Every structure is written in structure tokens, then in C-alpha cells.
Amino acid sequence: MAASSSSSPLFLFPPLFLLLISLTHAQTSFQPDALVLPVLKDARTLQYVAHINQRTPLVPVKLVIDLSGRFLWVDCDSGYVSSSYRPSRCRSSQCSLANANSCGDCFSGPRPGCNNNACSLSPQNTFIHTSTSGELAEDLVSIQSTDGSSPGPIVTVPRFLISCAPTFLLQGLATGVKGIAGLGRTRIALPSQFAAAFNFDRKFAICLSSSTASNGVIFFGDGPYMFLPNVDVSKSLMYTPLLTRSSVQGEPSDEYFVGVKAIKINGKQVLLNTSLLSFDSDGVGGTKISTVYPYAALETSIYKAFTEDFIREAKSMNITTVAPVAPFDVCFRSNSIGSTRVGVVVPTVDLVLQSESVYWRILGANSMVSVNDDVACLAFVDGGSNPRTSIVIGGHQLEDNLLQFDLASSRLGFSSSLLFRQTTCANFNFTSNG
Ligand SMILES: *[C@@H]1O[C@H](CO)[C@@H](O)[C@H](O)[C@H]1NC(C)=O
Ligand SMILES: *[C@@H]1O[C@H](CO)[C@@H](O)[C@H](O)[C@H]1NC(C)=O
Ligand SMILES: *[C@@H]1O[C@H](CO)[C@@H](O)[C@H](O)[C@H]1NC(C)=O
């Protein structure tokens, strides 16, 4: 077949023609490399609230972010109207993907959330520790794409899997919120569904703003993750393995755990019962990252050792303790604390990870919270004496840090405070060109 390399125009023309067709096709079915979702901290509840567009016709829907959540659920009982809503039929591939094995009929329907022969999930409101049963369904979701620097074209996933929930499950959520967006480690949480829909890496990053007036951002997909003025945070992350909790029951958890090996305050190791830092045979122990806890929570014995050391170190820096202000136990006189561009100057907290040289450093902006003009408190609380998880890293500790979750390689990339790089999580450029 030597003739196939012929340069005759007759032979050249068809491939060129095909190339043009395929370019046109690529334009109409635009394939984004990444997506962005703005997230705003709610001042009253301290929840992180994202806005997404959903349904046909599209409506904006506010959802609270739950890093550990297993899927997206919304209230279908009050005013859910959508021509693209499709309940997932029992034993369909959608039900098995979602692990939705319970199946049944609903006789007061048909309507969104109540159809015969549909499988159901257990939507959970982690803020009030309540779960119920809700129909699995598909509906359209639309979201902004990004090149990592600013928003690009809006893209849609016509058949995004969601769970319905009754209205009462919204209790305890920020005003106007219609459900919870789960970012956990399941096939139907937002990161995996978006990655599958657009065929990009199963990675996402959260960058929560400490401000209740300016949006932070969640990226779905890989970097760059650009923040004004032109800082690509994806280029300077430290990495640690993401761990899963598996217990004798066998089901691996959908939450994100990291392996904290020690805690240091001003470089000095806090003496604690290290067996609490790993999982026991029942899956109790360990360190997880949560957007549901507003502040870090430490198991009681760890909390005691930690706060005693912190107070001692603060004293050596001439920082004066004052009467605590709930929910905190350890508070200081604000005017005894120095302050810099990157936050108040208090003892440095390091969470030491897989080796001495890999640690998550927590400085004043993430360890302290100002409760009024005169008092600043240590933003860590007592997690009780038998918690399922020994250390929970909470929302306040995550703010103005970028965390990248790489699901395929089970790895967390973390930036430490962006304040050191003269930027913040509120500095993603949400202004689009169009
Ligand atoms: C350390 O913690 C483990 C797990 O809770 C517990 O069984 C053990 O008794 C503790 N050890 C000490 C010395 O307190
Ligand atoms: C704390 O105050 C003492 C007495 O005023 C002073 O000698 C010391 O240098 C101060 N320490 C720090 C870290 O500022
Ligand atoms: C933000 O992005 C838009 C669109 O790409 C661009 O026109 C604008 O200059 C950017 N803003 C800044 C401050 O860079």
C-alpha cells in the first residue's frame, strides 16, 4: 500500500474535510478541563454555601458543602419543578452506581421525590445528625468551566445523579439553602460525577474564604488554580496520603483522613497518646478534614495536652489569658497579641504528617478567632472523650488554604496559608469575559 502516501489533492481532501468536521464537533460539545463553583461562608451558621444551577428550566440552587457527603441531595417536596427530572428505576445501572439497593413505590406521586419503582438513598444532614430516605434521580446540572484563571463557558450535565429529600431535612442549614452538596469519595459525589461527565482527572480543590462577603472557590479537575495577582497555587503544594477508615464491617469510609503523627507547638512536640492518632480495629481514631465542623475538635486527652502547651507557649510570648467565651475554653486579651499582615502572632501549631519535614502549619489566622474587640480565642474545641475521630480539622483551619484532593492516587495536596503568598481564597477572578 505504498500509494497511500500519495500527495495527490484527491487523497488529501478527505482527511482535511474530516478534520474540519471534527473541529466543529469539538466546539459544539466543548470539553472543559476544569469547573469552578463559588462558595460563600454564611455568617450565621458558619456553613459554606455554594450556588449551582439545576433543573429545566434552570433555577439557581444554594447548597451547603459537605466534604464528607456522599452525593448531592435537594429538597424535592417544596416547589421542585423540572421537565428533565427522571427517577432512577429499580435495579437500573444508576441504582447500582449509587449503591441504592432499597427499592419501592410511592403512592402520593408521581412527582419529583415520589415515584413508583424507584430506588432510594439515605440523604443525610450532618449538621443535625439526621438522615432519611430519598428517591434517586437524574436531573440537569449546569456549572461554569474554567481554564484555572477565570470562568469560561457554562457547561451542563444533563443527567446528574441526585437524591431527593423531604423539606424537614433542611433544618439547621443556612437560610435559603435547598440541600447539601457532597464532595466525598463515592462514585456519585460531585467530584466523581463531574470528572466522569467531562472525562477529566478525579481531582478537586477547595479554597474557602474567611470572609462572609467574598466568594471562595471549589475547582473540579486539575490545576492551574490561579489567584490574583497571578499566583498558581497548584504549583506549590505539599502532599500527604489520603487515608480511608475501614473497620471490621468492611465498608471503607467516604470521608477524607490524613495521617497526623504528632502535633508540635512552637516546634515542641505535644505529649499525647499516639494510639489515638491511628485507627483501631473498629475504625475509631485518626484525623479527618471536615467542612461541617466550624472549628477543629480534639479528643479530650489530646485537647487537654494541646491547650496546656499552647497556653504555656503563649505566656512565654507575653500573651495574657482572659475568661473564656463560649464555645471556646482558651481565650486571650487581644491587645497582648502582636499582629502582622498574615494574622495574629501566636504559638505556631504544626500537624506533623508522614515525616518530620511534611507538616501542616497552622498560624494565627487559622488558629485564633476574634470574638470581640478585646478577646481572641483558640479556635479548637474539646471533641469529647470517645469520639469516632480523634482529630477533626474544621472549616476555620481550612480558610485561605487550598486543598487538592486527588481521588485516583489518594493524595492530598495542601498549600498552607495563602496569606504568605499575598493572596487569599477570595482572590479567584470570578469576572467572566462575556
Ligand atoms: C491510649 O488510647 C487507647 C485508645 O483509646 C487506649 O486504649 C489506651 O488505654 C490509651 N493509653 C493511655 C496510656 O492512656
Ligand atoms: C515579655 O515581657 C518581659 C517583661 O516585660 C520581657 O523581658 C520579655 O522580653 C518579653 N518577652 C517577649 C517574647 O516579648
Ligand atoms: C478577570 O478576568 C477577566 C476575564 O478573563 C479579565 O477581563 C479581567 O481583566 C480579570 N481581572 C483581573 C483583575 O485580572
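First, the ground rules. The model is predicted, so local features need pLDDT of at least 70 and side-chain atom pairs count only at pLDDT 80 or more, while totals for chains, interfaces and linings use all residues. Residues are numbered from 1 along each chain as its sequence is written, chains are lettered from A and ligands numbered from 1 in the order in which they are written, and side-chain values use heavy atoms, with hydrogens and water left out.

Now the layout. The protein has domain 1 (5-200) and domain 2 (232-427). Those bounds come from an automatic or database domain assignment. The C-alpha centres of the two domains are 31 Å apart. Domain 1 brings 16 residues to the contact, and domain 2 brings 19. Contact here means heavy atoms within 4.5 Å.

How much area is buried between domain 1 and domain 2? About 1,400 Å², with 57% of it from carbon and sulfur atoms. Buried area is the accessible area (1.4 Å probe) that two parts lose on being put together, summed over both. On the domain 1 side, Tyr48, Leu67 and Arg185 supply 52% of the area buried against domain 2, more than any other three residues.

Next, the polar side. Nine residue pairs are in polar contact between the domains, both residues at pLDDT 80 or more. A polar contact is a pair of N or O atoms within 3.5 Å; within protein, one must be able to donate a hydrogen and the other to accept it, and residues adjacent in sequence count only if both atoms are side-chain atoms. Strand S3 (59-66) and helix H3 (190-198) each give at least two residues to the side of domain 1 that touches domain 2. Helices (H or I, at least four residues) and strands (E, at least two) are DSSP runs, numbered from the N terminus.

Stay with H3. Seven of its nine residues are buried, so H3 is largely enclosed by the rest of the structure. Buried means under 20% relative accessible area, exposed over 50%, partly exposed in between (1.4 Å probe, protein chains only). Among the buried ones are Leu190, Phe194 and Phe198. After H3 comes asparagine 199, with a positive phi near 60 degrees.

Last, glutamine 397. It sits in helix H6 (residues 395-398). Is glutamine 397 buried or exposed? Buried, because its relative accessibility is 1%. Its side chain reaches the backbone nitrogen of alanine 296 at 2.9 Å. Leaving out residues up to four places away in sequence, glutamine 397 touches several others, including Tyr295, Trp360 and Phe380.
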